[in-house]
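The sequence and structure come first.

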Amino acid sequence: MKDVITCEGLTVHYKSTTAIADISLHIPRGATVGFIGPDGVGKSTLLSLIAGERALQQGTLNVLDGDMRERAHREAICADIAYMPQGLGKNLYPTLSVEENLQFFAKLFGHGRAERRKRIDNLTKRTGLFPFLSRPAGKLSGGMKQKLGLCCALIHDPKLLILDEPTTGVDPLARSQFWRLIADIRKGQVDLTVLVATAYMDEAQQFEHLIAMNDGKVLATGTPKELLAKTQTDNLESAFIALLPESIRRKHLPVVITPIDESAHAPIAIEAKSLTMKFGDFTAVDNVSFSIKKGEIFGFLGSNGCGKSTTMKMLTGLLPQTAGEAWMLGSVLDPNDIATRYRVGYMSQSFSLYTELTVEQNLVLHARLFTQANTQDNKQREARVQEMLERFSLSHHKDALPASLPLGLRQRLSLAVAMVHKPEVLILDEPTSGVDPIARDNFWRLLITLAREDGVTIFISTHFMNEAARCDRISLMHAGKVLVTDSPEAIVAHKQAATLEEAFIDYLEAAQPSKDDVQSEEASLKKGVSSAGQEAIPEKENTSAVPAATKQKSRYRQSLQRLMSYATRETLELMRDPIRLTMAFLGSIVLMLVIGYGITMDVEDLQYAVFDRDKSAISEQYTNSLAGSRYFVTQPDITSYEDMDRRMKSGELSLAIEIPPDFGQKLYKGENVQIAAWIDGSMPSRAETIEGYVEGIHLTWLLEQASQMSTTTSTSLIDVQSRYLYNPDIKSLVAIVPAVIPMLLLMIPALLTSLAVVREKELGSIINLYVTPVSKLEFLLGKQVPYILTSFVSFILLVLMAVYFFKVPLKGDVFAFAIIALLFVTFSTSFGLLASVFTNSQIAAILLTTIGTMVPAVQFAGMITPVSALEGIGKVIGEMHPISYFLLASRGIFSKGLGFGTLDFAVYAIAIGIPVTLWLSVVLLKKQER
């Protein structure tokens, strides 16, 4: 049979690091192939190349009868490959439920409603996820996330299934369910090829073909039996170690378990009685009781989501129990008991140290948290940090950042941090998940030394049965209840099993609900679900006889389905994110209030005072002319120059009028008289406006005086009057509010959309774009649609606010306004997508979008200064940017009563910007990781 994968001379470099070096392989079709090796040896890189997720650098790679360098071939076989990346739920969406995640992936691969229902029910029942269909993926345990990731990978019918450490952190029962599921699928699809990278050597034993890797190179290939025969060992873990270079093998030492001294009457370090934890109606831990002696290594095993991590968090004081009692080192467990916390070290399931600090800095920080700040403690702290670096073999990596370390070293660092303050109890939540065999053995030698030599009590959860066998006692847990607590040997003997894993599975299967209970539960969960889900999976459609026109329509329908799948998913995430949802609607309204009033150009209610040094009737008359203006508010008279200077400096006065002595007499005599107007010039535009007001009032008063004193009556019939069109009261709100609407509809939608793509880059779910049939344009438009709709609703709210709150009359064509606004928010969300594609972090995307929207809106769009009055590059930007045209349209429709007939230029200008920004986004968005 022809090989499904062939590669020659494959080499990949990450800057100065060589991930894989000159790899050549031939993988037969229909085989199950396992990739085994330590962390960071290139397994994931090789699998990502085969999946088409990463671009080739050097060498050749043919997958499914085609060259993976050719874009057309990658697109043609995309639906024939299923890829589950490494990492807990890396390809999942945490705010979506189990059902919604599976529906999303099923739609991407073109399944109809009935087929989606059947496949989802089948996969979730087989993996035990059916009762959790409505639970958000982010609230699943690590193992349950892996189950869901596997279900998403198997939602279609691939020819090549690529699983990168799919069962890391998954309990033995769930692992056996996984492989039974894949075995069943392979029975119906004999040519299915399965590639698996795994950290479990007992899993690798079942694969038909193995590829052992180290340092980016292939050490050996062959069947498990062939590798055992080649290395003359009796298990794969020993075989792999034997295949390693001599320089590495010398560093490996077997784990020797020193028996605990049972004769010594050690005190109880940890004790729990009827410990219970409820989250609403859900009982996570149900009446759990056990005790752990000082210096004992106590293992905690159980199915995924059974309550192990919750129990550990209660015992560390991180989570207050709902009921029951617990004691830690002889003291009643109290979350506020800081003294007991000083005696406990905790290592969480996921890496929780500071990635921006070096190895040594993380140790120093945690050492400081547990010691006093004095000279003696400083010396002890420095000595302890050095001791931890040497004891955990971290001295050569002390200046490295944790993110640059292999997983095994990161776990060793976490343990060193947990031990830096010399705790008496160490609580470890699955500390070796995903760690290679050599690193696990090194880790366990450290634990045994801590327990036997330092007397540290170790409470550890694990899914590795060989690790559980090293514990003094273990407790098996399922569905929040403890099933049994005893030594590993006694548990195996009680079940008369060959191995501890068999005994573990027997206990879990015995604890499963009966068949009748399961059917009853499934019936209740299925209530409200379409009966179409009970139908058999439809046969694959025979497309050989389908006319070309029908095929084309089918492709269009599938493309639309993929687009709408992303649109639906983005909508759900937006609706469940209160910050973004609030920003989409309330943010626009608040900014409309602030900006609408904050940048008004009206200068009214100016506080002024008069320094009347004449005190005559005519000076009083002049003062009254100012007091009668709506622009000024009279303040107490100024008494001296010092008083005027003080009040002007404090901001109490914006204007001071000084009337000189003998003002009235000189005026009647016809002599030249000067009146001083002192204006606060700290804001030039405001000062110029005040000057204009004063000059106008002064001129009016002079005309009145001249009219009263003249004996000649004017016979002129000429009367020149000014009339202001569109804004007769010359109120700036009428100009500002219609201009604020375009500014907000550019900034807010763009900011919201700017997080759409870059957030997936940071979370890792962008990998779904790389390995699914969705095109770049479908991906971008699907993400854009929800923000266009929310932005248009925001536009309606802003217009209503302008009309009913700010009292700005809307005189023009409302329908034309709506169409132009819809085009404009499409442009603004396209710009947000462009910023999101261009950047690699959410902070950078927000900064770029803020600058890219605010600067054109405020400086170049004509909001304050007309575009025609701009010069140079500013004028070019103003004439090209769509916001300039939307601003003209908004002001024209509000104030001038314009419609489509006079605003067609704005429609064309805005519409042109949409395909330009989308085209740039498509060009910059990559369909492969580089």
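## Leu 173 and its partners

Not counting residues up to four places away in sequence, Leu 173 touches Phe 504, Ile 505, Leu 508, Glu 509 and Gln 512, where contact means heavy atoms within 4.5 Å. This is a predicted model: local features need pLDDT of at least 70, side-chain atom pairs count only at pLDDT 80 or more, and totals for chains, interfaces and linings use all residues. Residues are numbered from 1 along each chain as its sequence is written, and side-chain values use heavy atoms, with hydrogens and water left out.

Leu 173 lies in helix H6 (residues 172–188); helices are DSSP runs (H or I, at least four residues) numbered from the N terminus. Leu 173 is buried at 5% relative accessible area (buried is under 20%, with a 1.4 Å probe and protein chains only). Leu 173 and Leu 508 are 335 residues apart in sequence, yet 7.3 Å apart in space, C-alpha to C-alpha.

## Nonpolar cores

A nonpolar core is a set of buried Ala, Val, Leu, Ile, Met, Phe, Trp, Tyr and Cys residues joined through side-chain atoms within 4.5 Å. The largest has 151 residues, of which Phe 35, Leu 61, Val 63, Leu 195 and Met 592 touch the most other members. Helix H27 (residues 732–763) gives the largest share of this core, 15 residues. Apart from it lies another core of 50 residues, among them Leu 353 and Met 419.

## Helices H18 and H19

Pro 488, Ile 491, Val 492, His 494 and Lys 495 in H18 meet Leu 500, Ala 503, Asp 506 and Tyr 507 in H19.

Definitions and conventions:
Helices (H or I, at least four residues) and strands (E, at least two) are DSSP runs, numbered from the N terminus.
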